[in-house]
Amino acid sequence: MRIAFNGHRLAGQRFGVGRYLEYLLRNWTQMLRAHEHVSLFIRQPLAGEALDDLRLSNSIRPIVLGPDMSGIPWENLVLRRAAARHDVLWCPAYTAPVYYSGRYVVATHSVNEIQDSAHSWRYRQTYGRLYRHSARRADAVIVPAETTAHDLVRLYGVPANRIVVVHQGADDAFRPMSDTSVLRGVRERFFGDDRPYLLFVGKCSTRRNIPMLLEAFAILRREMKIPHGLLLFGPNVAGFALSDLCERLGIADSVVQTDGRIAHHEELVPIYCAADVFVHPSEYEGWSMTTTEALACGTAVVASNRGGLGELAAGHALMVDDPSPRAFADAIGQILRSTTLRRELQEKARARGAALNWRDTSRQTLDVLRNVAAR
């Protein structure tokens, strides 16, 4: 079996989808059978740590397809021709070449159109249409949660029998840490002293409600006098005026926002483990790799009970049904006031995280491709 793998999202700083590709490739190295080969098509060469992190076997061959143009033109003008010589094309990030005539599988991680304010009208008329078209024409669509599957049927018109739910996991490196000196070092690195903190990991985008999280944090600082800082670990892609908002809320000395750039993804483990609470206030997520990792690290989690977040974390975290500054402040406050509650949530988090792993995710994904190629 010859698999064409659209790897253009491996380029640059790897966040959600980029990490998804990275972990699939790492695990496929151990899983591919003798007659199975993957052509990993990329727009520019991978070098150094970016390549080393993939740990590729001889069965997975990186192939640079020039010229290096942006993703959608590259998929349709360059990838489409190269992939035609393969048994199945794997499109792990929403889109496939529009006029591709061979078999292909696409991953739709989230149907963000369900939230009107998540994207602009122009985005919905371009990328939104392309996502819908790619899912409708695919031989199979992989989604991370049942809620996403329902959204695909209802909003994209994809037949239910072509949708496969494959939960995304956490790497084995994401486990609780007990080394107090390492955890203290994390707190000192970000806040200058051994200060407890709340944590969000991910892009600061519109649908993730970062301004609302800042308001909730301000309520906690004002009403509970908590000593905690707030760490936003990820780039401010929405361009929020975070400094101005923090000044207005009176929390400028307690909030740290970074670009989230790290050499190896495992560097996040002590960052999760050193946090008192991980918070994910998103209006809608198809799934959440960072929440999965926080659970696997045994960190108490507060999350919106929306979309795939509910499927992922309900029963294992404190869920907020109606996201608002007051609701999140109250939920976080419950954990900070009760050592018993925090320990219960940590135990539940560990149990949920242990049940979700990248080996299962990768194996199930590869089996879908095998089934499509065998038709």
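Reply: Gladly! Keep in mind that this is a predicted model. Let's begin with strands β6 and β7.

Me: What makes β6 and β7 a pair?

Reply: Two strands pair if DSSP finds at least two bridges between them. Strand β6 (residues 140-143) is joined to β7 by 3 bridges, so the pair meets that cut-off. The two strands run parallel, and V143 has V165 in β7 as its bridge partner.

Me: Which order do the strands of that sheet follow?

Reply: The order is β3-β2-β1-β4-β5-β6-β7, an open sheet of 7 strands with parallel pairing. On average, neighbouring strands here are turned by 25 degrees against each other, direction ignored.

Me: Why are β3 and β7 said to stand at the edges?

Reply: Because β3 (60-64) and β7 (163-165) each have a single partner strand, one side of each is left without a neighbour in the sheet.

Me: How do you know that β12 and β13 pair?

Reply: The same test works: at least two bridges are needed. Strand β12 (residues 300-304) and β13 have 3 bridges in the parallel sense, so they count as a pair. In this pairing, S304 stands opposite V320 in β13.

Me: What makes β10 and β13 edge strands in the open sheet of 6 strands?

Reply: That sheet has the order β10-β9-β8-β11-β12-β13. Its strands β10 (255-258) and β13 (318-320) each have a single partner strand, so one side of each lacks a neighbour in the sheet.

Me: Which strands does helix α7 touch?

Reply: Helix α7 (residues 210-223) packs on the sheet and touches β8, β9, β10 and β11 (277-280). Its direction makes about 165 degrees with that of β9.

Notes:
Residues are numbered from 1 along each chain as its sequence is written. This is a predicted model: local features need pLDDT of at least 70, side-chain atom pairs count only at pLDDT 80 or more; totals for chains, interfaces and linings use all residues. Side-chain values use heavy atoms; hydrogens and water are left out. Helices (H or I, at least four residues) and strands (E, at least two) are DSSP runs, numbered from the N terminus. Axes are lines fitted to C-alpha atoms, for helices over the stretch in contact, and angles run from 0 to 180 degrees between N-to-C directions. Contact means heavy atoms within 4.5 Å.
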